[in-house]
Amino acid sequence: MSDERKTPLYDLHCELGARMVPFAGFAMPVQYSSIVTEHKAVREQAGLFDVSHMGQIHFQGPEALACVERLITCPVASMAHGQVRYGLLCNDAGGVVDDVTVYRVADDHFFLCVNAANIEKDEAWIRAHCPDEAGVNNRSDELGLLALQGPQSPAILASLTDFDLDSLRRYRFAEAKVKGVPVLISRTGYTGSDGFELYVDASDSADLFGALLNAGEPHGLIPAGLGARDTLRLEAAMPLYGHELDDERSPLAAGLDRFIKLKAGGFIGAEAVTSAKEQGLDSSLVGFELLDKGVARADYAVEKDGQEVGRVTSGAPSPALGKSIGLAYVAKGLSEPGTELDVIVRGRALRAKVVTTPFL
Amino acid sequence: MADYTIPDDLRYSEDDEWTRTDGDIVEIGVTDYAQDQLGDIVFVELPEVGASFEQGAPFGVIESVKAVSDLYAPVSGTITQVNDSLVDNPEQVNEDCYQSGWIVKIQCSNSAELGELLDAATYSSSVTDRTS
């Protein structure tokens, strides 16, 4: 693991018994106890994730708003201070450079939270499309990011801060002190459960992680790794870059229309995305559940009547549902819920059925 | 580092399987170390009774939430019995890998291969080498 970068929490993860794996160039905890245990803790009580590998690219200056508006598919000028939106960076061909959350800190100050695997690609893309006056600053190495997720999250965080968390709605953020540490508290997450993402100076992140674990213990909080993060986001049918999204595929195929300002346009890739919509997409992303026993995994073929009609992009057993679920791109006409398909697992056709998403 | 249970009365393969031999019938499962490394077992693909496998050949598949792993025949032979209860309760492999989590029984066709299996002390040091 010597080639991987470590987050400031690396030693703490090891002390907590985490199994560390390489992910996007970082050594990250995939699990501490068990993926299923951690998954259920997030759904029923709370789980604490280190996601410091994710990147933060700030924009501050007179051209910040205009640049972010042009880079991102969601509307930006209409955002309030303290608001978060999900959006995409598209390329000129209408593919996806990255999927991100946009934070508006002030009139002239925004930041994007970006996928760890894409930090360098995003920064290069952004710098190529922004003048100096946009004040682009990649702060990924300076900032830690913890995700406190699950229904007990508000009670746990409230025990460490005077800030009124009830006033913080979904997709809003505020700066506050948590156990004396300055934190940007964002009511967002990647699990489908209520919770917070906490941006903190990298040097404070281990102390904050420890304080949260202690405060959360009576509430059933346990540390959770990337394994549970993946099964949780899959149940919520949230896309994962590199699986459901990539540089080539249209975000419309992933069903992300509501995060794209198609009418207003004005973002990089708008013409290509609009043209793809007018021409009609030849495939779309669907959720499915397996009717036979087994696990459908990324890249497995999807067939209909013996003909390949698509590929699985993500798949896992769902701890909440007790069955195997997945996401797949399938040919036009096969996306209606109830449509029966086959997933080919080691040469055998397992029966699957298209279902509505999110799965829960 | 976790302490793994490695019973003295079993023999082991380098692929982290245990064997319990009774005459020419060899009962096979995965070790405590293997189940811990795999994590939550969610599916076991069992072979057909009567199927034959050469030593080292994949005879089945074990899947955890994150990973798919082949099961390798520690000795050559023919499957005489499979643990059907794993179809509905694959988590038995995590909970009780040496008893109710057994996977198959093979009638060994080459008794010389039994002598190639590792004793508990040798297997234990192999696990230690990999975890230290």
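Which residue forms a salt bridge with B:Asp36, and how far apart are the closest N and O atoms? I looked this up first. B:Asp36 pairs with A:Arg19, and the closest N and O atoms are 3.3 Å apart. I counted a salt bridge when a side-chain nitrogen of Lys or Arg is within 4 Å of a carboxyl oxygen of Asp or Glu. The pair crosses between chains, from helix α1 of chain B to strand β2 (residues 19-23) of chain A. I took helices (H or I, at least four residues) and strands (E, at least two) as DSSP runs, numbered from the N terminus. B:Asp36 is partly exposed, at 26% relative accessible area. On this scale, buried means under 20% relative accessible area, exposed over 50%, and partly exposed in between (1.4 Å probe, protein chains only).

Ground rules next. I am reading a predicted model, where local features need pLDDT of at least 70 and side-chain atom pairs count only at pLDDT 80 or more, while totals for chains, interfaces and linings use all residues. Residues are numbered from 1 along each chain as its sequence is written, chains are lettered from A in the order in which they are written, and side-chain values use heavy atoms, with hydrogens and water left out.

**The interface of chains A and B**

I looked up the contact, meaning heavy atoms within 4.5 Å. On chain B, 16 residues touch 17 residues of chain A. The two chains bury about 1400 Å² between them, 50% of it on carbon and sulfur atoms. Buried area is the accessible area (1.4 Å probe) that two parts lose on being put together, summed over both. B:Asp40, B:Val65 and B:Lys66 supply 39% of the area that chain B buries here, more than any other three residues.

I then turned to the pairings. Six salt bridges run between chain B and chain A. I also found 14 residue pairs in polar contact across this interface (both at pLDDT 80 or more). A polar contact is a pair of N or O atoms within 3.5 Å; within protein, one must be able to donate a hydrogen and the other to accept it, and residues adjacent in sequence count only if both atoms are side-chain atoms. On chain B, α1 (32-38), β4 (41-45), β6 (58-64) and α2 (85-88) each supply at least two residues of the touching side.

A:Arg346 sits in the loop between β19 (340-345) and β20 (348-355) of chain A, and B:Glu45 in strand β4 of chain B. A:Arg346 is partly exposed at 33% relative accessibility, whereas B:Glu45 is buried at 19%. Salt bridges that share partners join A:Arg297, A:Arg346, A:Arg348, B:Glu45 and B:Glu63 into one network.

**A bridge within chain A**

A:Glu69 forms a salt bridge with A:Lys261, the closest N and O atoms being 2.7 Å apart. A:Glu69 lies in helix α3 (residues 64-71) and A:Lys261 in the loop between α7 and α8 (270-279), so the pair ties together parts that are 192 residues apart in sequence. A:Glu69 is partly exposed at 21% relative accessible area. A:Lys261 counts as buried at 9%. Over all chains, I noted 21 salt bridges.
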